[in-house]
Amino acid sequence: MKKRVLVLACVSFCLPMSVYAMTYKEAHRLADEAFFHKSISSLKKLELSASEGNKFAEYWLGIYFYSTQHYKQSVNWFRKAAERGIADAENNLGVAYRYG
């Protein structure tokens, strides 16, 4: 019994956690680190979470790419976040189309 508990504990701590459950605040923090501190690891975490379907990561990637003047990528991420119900992403998508 002790062996099973030890194995389960090791598996739960050793496997990487899915970043799908990232919150709005966590995604915002990662985007800030990527933009202001040029943190590649934060950008990669954000991209991984967005590729897993996290709507907050998709939105903040849109913000990041818009801020770095990569407008085509920002529109792509805003569209994905808007499809998942993020109202700010819908607004930013409209602004991008308006001033395109």
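**Exercises on helix packing and aromatic pairs**

The axes of helix 5 (residues 71–83) and helix 6 (residues 87–99) come within 8 Å and cross at roughly 140°. The model is predicted, so local features need pLDDT of at least 70 and side-chain atom pairs pLDDT 80 or more, while totals for chains, interfaces and linings use all residues. Residues are numbered from 1 along each chain as its sequence is written, and side-chain values use heavy atoms, without hydrogens and water.

**Exercise 1.** Determine the handedness of the crossing of helix 5 and helix 6, and describe their contact by residue class.

*Solution.* Helices are DSSP runs (H or I, at least four residues) numbered from the N terminus. Axes are lines fitted to C-alpha atoms over the stretch in contact, with angles from 0 to 180 degrees between N-to-C directions. The crossing of helix 5 and helix 6 is left-handed (the near helix is turned anticlockwise from the far one by less than a right angle). In the contact (heavy atoms within 4.5 Å), helix 5 contributes Val-75, Phe-78, Arg-79, Ala-81 and Ala-82, and helix 6 contributes Ala-89, Glu-90, Asn-92, Leu-93, Ala-96 and Tyr-97. These divide into 8 nonpolar, 1 polar and 2 charged residues (Ala, Val, Leu, Ile, Met, Phe, Trp, Tyr, Cys and Pro count as nonpolar; Asp, Glu, Lys and Arg as charged; the others, Gly among them, as polar).

**Exercise 2.** Classify the packing of helix 3 with helix 4 by angle.

*Solution.* Helix 3 (residues 40–51) and helix 4 (residues 55–67) pack at about 135°, with axes 8 Å apart. Helix 3 is therefore oblique to helix 4 (under 35 degrees is roughly parallel, over 145 roughly antiparallel, 65 to 115 roughly perpendicular, and the rest oblique). The crossing of helix 3 and helix 4 is left-handed. Among the residues in contact are Leu-43 and Leu-46 of helix 3 and Trp-60 and Leu-61 of helix 4.

**Exercise 3.** Find the number of aromatic pairs, then assign the geometry of Phe-35 with Phe-36.

*Solution.* Rings of Phe, Tyr and Trp (its six-membered ring) pair if their centres lie within 6.5 Å; planes under 30 degrees apart are stacked, over 60 edge-to-face, and the rest tilted. The count is 8 aromatic pairs. The ring centres of Phe-35 and Phe-36 lie 4.9 Å apart and the planes stand at 85°, so this pair is edge-to-face. Phe-35 is partly exposed at 26% relative accessibility, and Phe-36 is exposed at 58% (buried is under 20% relative accessible area, exposed over 50%, partly exposed in between; 1.4 Å probe, protein chains only). Ring pairs also link Tyr-24, Phe-56, Tyr-59, Trp-60 and Phe-78 into a cluster.

Conventions: Helix = DSSP H or I, 4+ residues; strand = E, 2+ residues; numbered from the N terminus.
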